[in-house]
Amino acid sequence: MTDSKTLHAAFAGHVSAALDALEAAGTLPGGLNRANVAVEPPRDPAHGDLATNAAMVLAKPAGMNPRALAEALVGELTKIPAVTSAEIAGPGFINLRLSGGAWLEELRAIAALGEGYGRSSMGAGTTVNVEYVSANPTGPMHMGHCRGAVVGDALAALLEAAGHKVIREYYVNDAGAQVDVLARSAHVRYREALGEAVGEIPEGLYPGDYLIPIGQELAKEFGDTYAKAAEGEWLVLFRTRAVAAMLVMIKADLALLGIHHDLFSSEAELQAAGKPAEAEAWLRAHDLVYDGHLEAPKGKMPDDWEPVELPLFRSTNFGDDQDRPIKKSDGNWTYFGADLAYHYQKAQSADALVDIWGADHAGTVKRIKAAVAAMTGADGNPTPFEVKLVQMVQLMKGGQPFKMSKRAGNFVTLADVVEMVGKDVVRFTMLTRKPDAQMDFDFDKVVEASKDNPVFYVQYAHARIRSTLRKAAGEGMAPSGDHLDLLGEEELALVKLAAQFPRLVEAAAAAREPHRVAFFLYDLAGALHGYWNLGNDKPEKRFIVAQDGKLTGARLYLASQIGQVVRNGLALLGVEAVEEM
RNA sequence: GCGCCCGUAGCUCAGUUGGAUAGAGCACGAGACUUCUAAUCUUGAGGCCGGUGGUUCGAAUCCACCCGGGCGCACCA
């Protein structure tokens with residue numbers, strides 16, 4: 001076995017090599033699809049250390065009896081030095097037991113790889129563009145944005161760890177009607193700053209206090225030049241200033257969560273550069289856009305609805321329910337019209353695209369997937385594109401649903417929540433749940449019960465390890481890999497769990513499911529706490545055994561590597577690995 | 001009416017992409033602090049995996065239909 005190769009990677013290779021050998025010997029037909037062959041720990045540890053389903057998966061296409069194939073495979077697998085036994089179980093599982101030494105080597109691999117343990121070359125350096133947050137630049141971040149922000153950020157880190165290049169992108173919707181509303185709202189605050197009694201903020205404008213400083217800055221810069229001027233004289237100027245100010249605010253909010261994007265793309269700039277028009281021309285040339293009549297709405301029917309002719313994209317060709325307009329009747333681009341050009345642009349600099357959206361936009365997934373498939377697939381090789389929906393977060397206060405509205409100004413800002421409970425709690429809470437299920441976020445509960453929060457459980461495991469290492473150092477003892485053979489079954493159980501980390505990272509990245517990392521860390525922390533408490537009753541089970549320097553050195557080595565894995569996992573989630581609590 | 005998501009212990013949720021006897025936390029019962037940090041651990045009880053069919057060696061997982069909850073269904077964003 002090579003020195004710093006992880007056990008997980010090594011055994012995937014071993015099984016593959018064993019199958020090669022069977023093919024070479026003519027036992028197994030060549031060219032079988034091995035994609036479903038798995039090598040993983042069995043759910044019940046009593047079955048062994050590793051199990052493979054290879055015989056069951058391949059038996060049918062090979063036209064063989066699973067049992068017979070398993071026998072042949074066992075013959076190959078027992079040749080591997082680290083394997084102490086290989087047994088056929090159930091319908092054709094092969095259960096492998098590994099020597100303790102093989103697992104102890106994994107500890108050395110962790111030590112050798114350090115922060116790199118868990119990183120993988122699976123992505124082969126291909127570039128993935130992850131677009132997330134993309135909140136409208138009309139106010140501060142609120143809790144409704146939070147889940148997508150955290151999930152997107154963790155996913156970006158995960159993909160990077162799995163060997164992809166990652167572009168973290170934020171699409172700034174600075175071209176629609178909502179930013180005109182923002183500009184008008186800023187104008188009211190501007191007049192207010194000049195001393196005018198503006199009273200209540202008019203219906204339909206953003207009433208939030210966060211625009212007051214914008215008004216003051218505008219007043220300072222422009223005096224009363226635009227106080228009485230017609231809207232046409234100041235709208236673009238105020239819009240530009242207000243959007244810029246909102247982005248500063250949003251970036252600051254995101255920074256509180258430790259989120260930093262690589263790229264902010266402006267919808268207005270995209271339009272100014274003529275990208276949607278280029279896209280339309282191309283689509284028309286390929287008969288994917290035509291002038292046609294929009295179908296009547298399927299849900300509640302507005303009173304003033306009337307059929308109009310608009311340029312429509314043939315999204316029904318790609319599975320959508322109806323064709324979608326790319327321009328409005330006033331000649332402006334629809335959101336979709338700009339968005340398809342935007343996605344085409346993203347696809348130029350990435351091998352794959354991932355969008356993180358809120359579930360309230362689920363209705364538009366089909367059309368944008370259709371657009372990407374159409375525009376990037378002309379050569380028969382469409383850019384892989386996934387939209388990951390994060391379901392709604394129901395905000396609760398005192399057990400009651402809490403409605404937010406930016407219009408009404410009664411939203412809960414992300415900054416407030418982070419200040420209340422901390423970045424790590426917010427991030428971990430959002431990540432200990434698969435994103436496609438709805439969740440409640442109850443402030444009272446999160447604040448008052450924060451000690452029960454799983455994030456502290458994981459952080460505590462790390463803090464315990466670090467404090468033990470500090471104490472040992474104070475007594476002149478250090479981790480040592482010289483006598484790892486002194487470690488017993490209880491220690492090996494810990495190693496076996498930690499050794500799952502590399503394949504977990506790959507699986508989570510492939511599935512785009514960062515929450516798996518959070519649950520793994522919770523399990524690992526539980527195992528560490530359980531092991532630790534053995535030492536409550538039996539001092540000889542503690543990490544530090546004063547009379548036995550060799551054993552202590554080995555256990556400290558174990559502790560140190562477990563700590564490394566916890567740290568690496570927390571880093572993926574953007575949660576701090578604390579030194580003490 | 002249509003589309004997407006969800007339904008697993010009393011509650012909040014996992015379940016390694018179809019694997020072996022379905023698991024955690026909270027709450028409830030019983031225990032462990034003179035400690036390397038008890039923000040911890042050990043242990044008990046708790047299940048029609050929403051329902052019914054189907055696919056196969058094998059289903060909580062895939063398919064169909066139903067039931068229940070959420071989101072969406074304008075040229076908004």
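Mentor: One definition before the sheet: two strands pair if DSSP finds at least two bridges between them. Also keep in mind that this is a predicted model.
Trainee: Fine. In what order do the three strands of the open sheet come?
Mentor: The order is β14-β13-β15, and the pairing is mixed.
Trainee: Which strands stand at the edges?
Mentor: β14 (400-401) and β15 (439-442) do. Each has a single partner strand, so one side of each has no neighbour in the sheet.
Trainee: How do strands of a sheet pair in general?
Mentor: Through backbone hydrogen bonds, either parallel or antiparallel.
Trainee: And how many bridges join β13 to β14 here?
Mentor: Two, and these strands run antiparallel; β13 covers residues 393-397. For K397, the bridge partner in β14 is Q400.
Trainee: What does the backbone of A177 lie close to, and at what distance?
Mentor: A backbone N or O atom of A177 lies 3.1 Å from a phosphate oxygen of RNA strand B. For A359, a backbone N or O atom is 3.2 Å from a sugar or linking oxygen of the RNA. At I544, a polar backbone atom is 3.1 Å from a base oxygen of RNA strand B.
Trainee: Which elements give two or more residues to that surface?
Mentor: Among them are α2 (54-62), β4 (93-98), α6 (177-193) and α19 (515-537). The largest share comes from α19, with eleven residues.
Trainee: How does the surface near the RNA divide by class?
Mentor: It has 24 nonpolar, 20 polar and 17 charged residues.
Trainee: Change of topic: what domains is chain A divided into?
Mentor: Domain 1 (7-98) and domain 2 (453-573). Their C-alpha centres lie 30 Å apart. In the contact, domain 1 takes part with five residues and domain 2 with six residues.
Trainee: What area is buried between the domains?
Mentor: About 460 Å², and carbon and sulfur atoms give 53% of it.
Trainee: Which residues of domain 1 lose the most area there?
Mentor: H8, P41 and D49, which together make up 79% of what the domain 1 side buries.

Key. Residues numbered from 1 in each chain as written. Chains lettered and ligands numbered in written order. Predicted model: local features only at pLDDT ≥ 70, side-chain atom pairs only at ≥ 80, totals over all residues. Heavy atoms only, no water. Polar contact = N/O pair within 3.5 Å; in protein donor to acceptor, adjacent residues only side chain to side chain. Helix = DSSP H or I, 4+ residues; strand = E, 2+ residues; numbered from the N terminus. Nonpolar A, V, L, I, M, F, W, Y, C, P; charged D, E, K, R; others polar. Domains from an automatic or database assignment. Contact = heavy atoms within 4.5 Å. Buried area = accessible area lost by both parts, 1.4 Å probe.
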